[in-house]
Amino acid sequence: MSTLDTVAPFAEIVAEVSRAGGETSRLCYQCGKCDVVCPWNRVRNFSIRKVVREASLGLSEIGLDDIWRCTTCGTCPSQCPRGVGQIEVSVAVRRVATSYGEFAGPARKVRAAGTSLASEGNPLSQERGRRADWARGLGVRPFAEGMELLYFVGCYGSFDPRVRKVSVAIAKVLQRAGVDFGILGNEESCCGESIRKAGNEEVFRALAKANIKAFIDRGVKRILVSSPHCYHAFTRDYPELMVHFEVVHLSELLAELVADGRLALTCSLGKRVTYHDPCYLGRHSGIYDQPRSVLGRVPGLELVEMPDCRQDSLCCGGGGGRIWLETPKGERFADLRLAQARETGASVLVTSCPYCLSNFEDSRLSIPGGDALEVKDLVEVVADSLDGVDAP
Amino acid sequence: MTTPAARFGDVMVVGAGMSGIQAALDLATAGYRVFLVEKAPAVGGKMAQLDKTFPTNDCSMCIESPKFIECDRHPNIEILTHTEVRSVAGEAGNFTVTLTRKPRFVDENLCTGCTTCNEYCPIPIPDPFNQELSASKAIHIYFAQAVPLVPYIDERCRYLEDGTCAICESVCKNHAIDLRQQPTDEVITVGAIVLSPGYGAFDPRPRGDYGYGTIQNVVTSLDFERLLCATGPHEGEILRPSDRKHPHKIAWIHCVGSRQVLAGGHSYCSAVCCTYVQKQVILAKEHDASTEAVIFHNDIRAYGKDFERFYERAKRLPGVRFERSYVAIGREIPETRNVTIRYSSDGAVKEEEFELVVLGIGLGPPADAKRLAQQFGVELDAHGFCKTDPGNPAATTRPGVFVSGAFKGPMDIPEAVVTASGAGALSSALLRSRRGRLARDRVYPAERDVSAEDVRVGVFACHCGANIGRVVDVPSLVEYARGLGHVAHAEESLFVCSTDAAAKISGTIREKGLNRVVVAACTPRTHEPLFRDTLREGGINQYFFDMANIREHCSWVHAKEKEEATQKAKDIVRMSVARAVHLEPLQESQLPVTHVALVVGGGVAGMTCALSIADQGFEVELVEKDEELGGMARRIRTTLEGLDVRDYVRTLVRKVYRHPLVHVSHAATVTDTSGYVGSFVTTVRCEGRTRTIRHGVTVLATGAGEYRPTEHLYGQDPRVLTQLELEERLANGDLGDAGAVAMIQCVGCRSEDRNYCARVCCSQAVKNALLLKKRRPDLEVYILFRDMRTYGFTEDSYREAAGKGVCFVRFEPPEGPEVEPAADDEGRAVLRVTVPDPVLGQKLALDVDLVVLSAAVVPLAGSQDAARLFKVAMNPDGFFQEAHVKLRPVDTAGDGVFICGAAHYPKHLSETIAQALGAAGRAGCLLSQDSVTASGAVCRVDERRCVSCGACLSACGYGAVGWRETLEGKRAEVNPALCKGDGLCCAQCPTGAIALQHFTDEEICHQIDAALSEEWN
């Protein structure tokens, strides 16, 4: 006992964390369930329970890495018997850290992302003016009032070389289906979901306001997103600002178009495929069946499930702002996920989230035998199965 | 459908589990006509499915099934199984209940229980009684000891599905099967209703908790009960589902479906699982000592009487590990079907492989709770259980409808029994003017005079399912018995205690002219009354009976030596027959009952009990040692449920004073008591005078006290208080400018000196913490605990307190909290409480202004005096010992003496009230009799041989032996009403003048001779 450090609860910090949304940390009855289900504990020791406990006593270690670890995958809160909001607690602690300008270790990237978001509207230090470059020559129109759908491209879909290919596929598929859609181009800003989870509320609010203004100015009614993170922002975060837009995720729209016969999936794929449920599409938004129903309509496609699927899906590691942070080799959840995909005997790993796609592509190149597996977005599989649409 | 004519009764008991059975028996004994309605094909409820019961590990069926037969034979009880309630009309005193009797497709009056139908039935179905772990047939008897012992036909019967098979109908020689049977309605009018539908076990399937339903080797605790049980799917061998092999490494997972605010789960604690898991661990280790067991848990809630010791017993077993962590299933290993479990330990997550996983499933409301509530017009609480008032826990929201058992919330068996007696007391009070009007006496055939007959012994050997039959070769035992002298008949039976077997014994006695009966089975402790009754049914004196215990004394202790065990069983039976030959007929005496109760102790328990007995129409003498009534409750202001205790006690006191049948003595001490059940005489000194009270029953409600701590500077620093002292300060608004309060749990208990949990302190701490937070939301409140034992619905308050910012810190002795005076950062004088926090891995230093000790509840000296005077045993902790932990929780070993309240064990106010009502119900049963029966197996003095030495007088612990003046001087004399038949006096008597009948020297010597001589014949 005497070898332990002695600390005293810090009431002011307790209050600060509570104000920042971490009040539910008090509810913890220390059962350990969160640590048991946390994906981190498959790659290294990490106790979200301890983060919660520290928060409840005002003893958060804002100068250490651990407060930045939670990927907000949503596994532990969905199983917490006490109703602790581990995500909100993590975010609250990060807000406190942000307010003190503390960005420990790899979290310095959060500061960089915040700066880029504030100036350019994207976290990738890219020029705002080049946001629609991916669409050149595709006949994609700027959104105008009266159009059926606004396609909200997202930062990765606009700038990340791999995810840009997904955006192109989306445009082609939508055109094939005869969907009347447009994009915001330079007026689109990051949805702000991830920077909010990383604790920068100020930047989130600025981004949200900019987007809301653009939506209203252009008369947007229905928004298509390909990123589950944008989906979450528009369906959960923006309503806090008293706005409600109709939001549809790409997987839902594809399921609708296929079911209505507006997309005829005719080309046989001849592959075994496994589907990865992105945290923000599955656990956070409850969308599990639509992507599977689309895959089920692809001729010659055999869908197999990984052991951790649906509610138990294994996080890729990209949520909560972690997509910007360097995660050391051996600690990447995506590596585990690829191994799981390979064990099913599938040759294609399909997902429906730009973060997952990006993380899986990285892992594919860095783990032995990873290149035997193709990683695709759902829409790319659809495009492959459409007669006469060339995949980019 | 025509409306059938109504039948009349006094009380309808809905649900024939243990609680319903107890309510029915109490009310029937008190002289009311009872209809016992059960929707299952047999009575017994969940308890019938359990293997053993904690903390004594008694065989569950063995202690419950005699009650089935008691119900079945009781002239005032009519059992209606396979029957559901359709509608209820009327009001208290006059309810009209319409019942639907579901078709059983077998006529109960014609069926002999021969089971030929079952043999021929071609449709296998999973056995519902065995949790579908083994196969049965579409027509089957629900379980071997079922009452009624009549098969029923499951809906999966081929005839019922498509009309293509009716073989059972054609093979039944008695034409008892009627596949065209339709549901019929029956109308019964009663004055009162007791709802005892029990609970629903949490079903992990819908959510797929821990892979249940998809991973084969994940079973529920109820499944595991059946696996453990000798009458279970594998005759008591623990075989796992995937490959029917013995699992050597088993995990138990706590709180499945309980203590969670997740959709589909229960927010409350199910109150019984911690201890039943420990029981299962102990039993699994008894089955196979090499079993490795890991129990994954959060708080261990060993809050009941003797639970803490039971927990420690489980913990100390080699190869048993308790891990404080909730878990997740890692994976099922395809090759072995083993299951891995992920858990947190020492700050890291580990994964471990198990051969079998047992889920500690919680208790929910019964599946048909909503329908029942609607039909009976009673309200449910937020959790879907029957709503009750903490001040009157046996009453529902509708007058005349009472509730007992787990329908009012999770509880264990003794509470289900106590609340049954309580519901009985309230029903009896409501219907007292019609008591006895519809009652019938039991009529036995005339007793045959056998004095001129040759001795003809009948031997009935029991397999006890597999309990005996798996070890002892019963057929060869029967064959052996047939060859013994005087044995006129010998036969075997699967369960000799089942209704049909017992009825058959009566018949055989008559047909074969038997005049002695030996039953080779289990223990007379549980089954002797049943078989004596069977002899009376057979028309011979009930003392012509002997029980040869070939289970506890043989098969259970020699499970691995089958041949030797069979030889020993033969020896035991030979000895028993030798004794039986010499048994004498004995007569029992009837003792008149004084219709007055003495209640000792005027706290809430005593007052509630006194009032309830008086409400049933009997005089009560209430004796209180203080000047004022109220007891400990006067120091309590509120309960967690929000009851205003002061107001409640004031009302209760007023009711006591106003009740014409309750007579109160204040500042009174019991100085002496004598007599026996029905006729006690007690002397009370009261305000300088001495009064003599004649009474038929005694209730001891002497309460308990608060431990006076010596720990944590109590008594040295005025800033250190007990919870009761804090409660007083709270009531007086006297908190000062305190900014922070730390409460320390388990002060003075869960220690070597007091090895029990005081049960109430965790909830008390939560209650006071909530009051503090309500009054001063900014106040820092810490509760330092070992295991939060907020069992049952109080779990919700634990969470509420946490949500309001009360900070809970766990400690593990000896690394306990330390309290010392200190100065805080600003130099203010504070008390500094230091305690290691297991999650932080650091020590917390809490600077507080008040330290509140949750001091144990301890027995009072007054209870010890009462125990000595009234000859009531005490448990090792100094609390009154009940007659049977499970089934006679308010009775004592002394007939006519009952116990209730904190003197029995610490308990919450509503629990005290429930138990006081239970004691009142039991007392009422006795007081409603005109006489009670005293055993014939008592001592008798041969005056010619008595030398007046008085050795017998001092040997007797019950004061049963006295002097009688004769012409030759004084001689010893036994009062048969007081004699317990223990025979201590016989051992002391130097001349052999005093002898214990039914255990005479002659009988015992023959038994011993038979033991020593194989040739005896």
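Which residues does B:Val747 touch, not counting residues up to four places away in sequence?

## Basis of the model

This is a predicted model, in which local features need pLDDT of at least 70 and side-chain atom pairs count only at pLDDT 80 or more, while totals for chains, interfaces and linings use all residues. Residues are numbered from 1 along each chain as its sequence is written, and chains are lettered from A and ligands numbered from 1 in the order in which they are written.

## Surroundings of B:Val747

B:Val747 touches B:Pro709, B:Glu711, B:Leu853, B:Ser854, B:Ala855 and B:Ala856, not counting residues up to four places away in sequence, where contact requires C-beta atoms, placed from the backbone, to lie within 7 Å. The residue belongs to strand S40 (residues 740-747) of chain B, strands being DSSP runs of E with at least two residues, and helices runs of H or I with at least four, numbered from the N terminus.

B:Val747 is buried because 25 other C-beta atoms lie within 10 Å, the cut-offs being 20 or more for buried, 12 or fewer for exposed, and partly exposed in between, with C-beta atoms placed from the backbone.

## Contact between the chains

Chain B contributes 35 residues to the contact and chain A contributes 32 residues; on the side of chain B that touches chain A, the largest share, 6 residues, comes from S45(B). Strand S1 (residues 6-7) of chain A pairs with S45(B) in the parallel sense over 2 bridges, pairing being assigned if DSSP finds at least two bridges between two strands, and B:Lys843 in S45(B) is the bridge partner of A:Thr6.

Conventions. Two residues are in contact if their C-beta atoms, placed from the backbone, lie within 7 Å.
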